[in-house]
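Dear colleague,

I am passing on a structure that you have not worked with before, and I would be glad if you could look through it alongside the notes below.

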Amino acid sequence: MNKSFAHLFLEGSKYQNMGKTDQQLGTPAPPLETPCDGKRIALPSPPSDMGRQALVEVVHQRRSVRRYADRPLTTQELSYLLDMTQGVQTQSERHTLRTVPSAGARHAFDTYLFIRSIEGLSPGLYRYIALEHALVFINHNDALFNRLEQACLGQKMVSRAAVTFVWVADMHRMAYRYGERGMRYLHLDAGHACQNLYLAAETIATGTCAVAAFDDDAMNALLDLNVATHFAIYVAPVGKKA
Ligand SMILES: Cc1cc2nc3c(=O)[nH]c(=O)nc-3n(C[C@H](O)[C@H](O)[C@H](O)COP(=O)(O)O)c2cc1C
């Protein structure tokens, strides 16, 4: 019987079938996040009591939320959600430690935000610069949210949310240490980030829904990614609960 693509991938990414990784070969390490030019927009610190709720309550209350109230989030709330999903706690030359775990502390994601309704920020596509806890405005045009919805196979929640998160995987940042096996770890890491978003959103009367049903080519094109190295891995719209 022919082996499926999935079987071939699982076989090829077993430790015993891998060659030497770039790290083992001593090649220079990639940067801790994908470089991004552009004016930094500082994010405010959230109030210290934001999100204080018993974990057991939050875990039990969490549901996927696909309909949102037509109310904006504040920049403090956005700042809080970004901190909870990718916030950098310590940084050295080689790695960062963040609010989520990551295989080998590679933290190989860049976070993109389709902002529709955040107080104080004009609508458009932004990138979160985790190392500076700041945003960079990338672009906006009338078709942006339509294209986002189409890229998500017509799922309206992504264009009706106050903000839609898109985590973009940097293959080399992960493969540097783990080779082909790193592809497995990227997908595991994405789950951690999104779960933290679910839980953090819940504590501020806000909801999210994981979205993996999207057209890869359309999403990567919308984000203008270099697909030789980067791809959109996971999407999550966020809005106030209706
Ligand atoms: C990997 C993954 C992909 C998902 N993709 C979508 C999606 O594209 N669209 C959607 O409406 N829900 C999506 N969901 C949400 C699930 O449908 C949801 O978690 C499930 O129905 C259980 O409901 P609950 O999260 O409220 O417990 C996804 C969830 C996961 C974990």
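**What was found**

Helix 7 is followed by Gly179, whose phi is positive, near 55°. Please keep in mind throughout that this is a predicted model.

Helix 7 itself, which covers residues 171-178, is mostly covered, with six of its eight residues buried; these are Arg173, Met174, Ala175, Tyr176, Arg177 and Tyr178. The partners against which the buried residues of helix 7 pack are helix 2 (22-25), strand 7 (163-170) and helix 8 (182-202).

If neighbours within four places in sequence are left aside, the contacts of Val163 include Leu73, Leu78, Phe114 and Val238.

Helix 8 also meets helix 4 (residues 75-86): the two axes come within 8 Å and cross at roughly 145°, and the crossing is right-handed. On the side of helix 4 the residues involved are Tyr80, Leu81, Met84, Thr85 and Gln86, while helix 8 brings Ala193, Asn196, Leu197, Ala200 and Ala201. By class, the residues of this contact are seven nonpolar and three polar, with no charged ones.

Finally, there is a ligand, and the residues around it are Arg63, Ser64, Arg66, Gln155, Cys209, Ala210, Val211, Ala212 and Ala213. This shell has five nonpolar, two polar and two charged residues.

With best wishes

Definitions and conventions: Residues are numbered from 1 along each chain as its sequence is written. This is a predicted model: local features need pLDDT of at least 70, side-chain atom pairs count only at pLDDT 80 or more; totals for chains, interfaces and linings use all residues. A residue is near a molecule or strand if its C-beta atom, placed from the backbone, lies within 6 Å of it. Ala, Val, Leu, Ile, Met, Phe, Trp, Tyr, Cys and Pro count as nonpolar, Asp, Glu, Lys and Arg as charged, and the others, Gly among them, as polar. A residue is buried if 20 or more other C-beta atoms lie within 10 Å of its own, exposed if 12 or fewer, and partly exposed in between; C-beta atoms are placed from the backbone. Helices (H or I, at least four residues) and strands (E, at least two) are DSSP runs, numbered from the N terminus. Two residues are in contact if their C-beta atoms, placed from the backbone, lie within 7 Å. Axes are lines fitted to C-alpha atoms, for helices over the stretch in contact, and angles run from 0 to 180 degrees between N-to-C directions. A crossing is left-handed if the near helix is turned anticlockwise from the far one by less than a right angle, and right-handed if clockwise.
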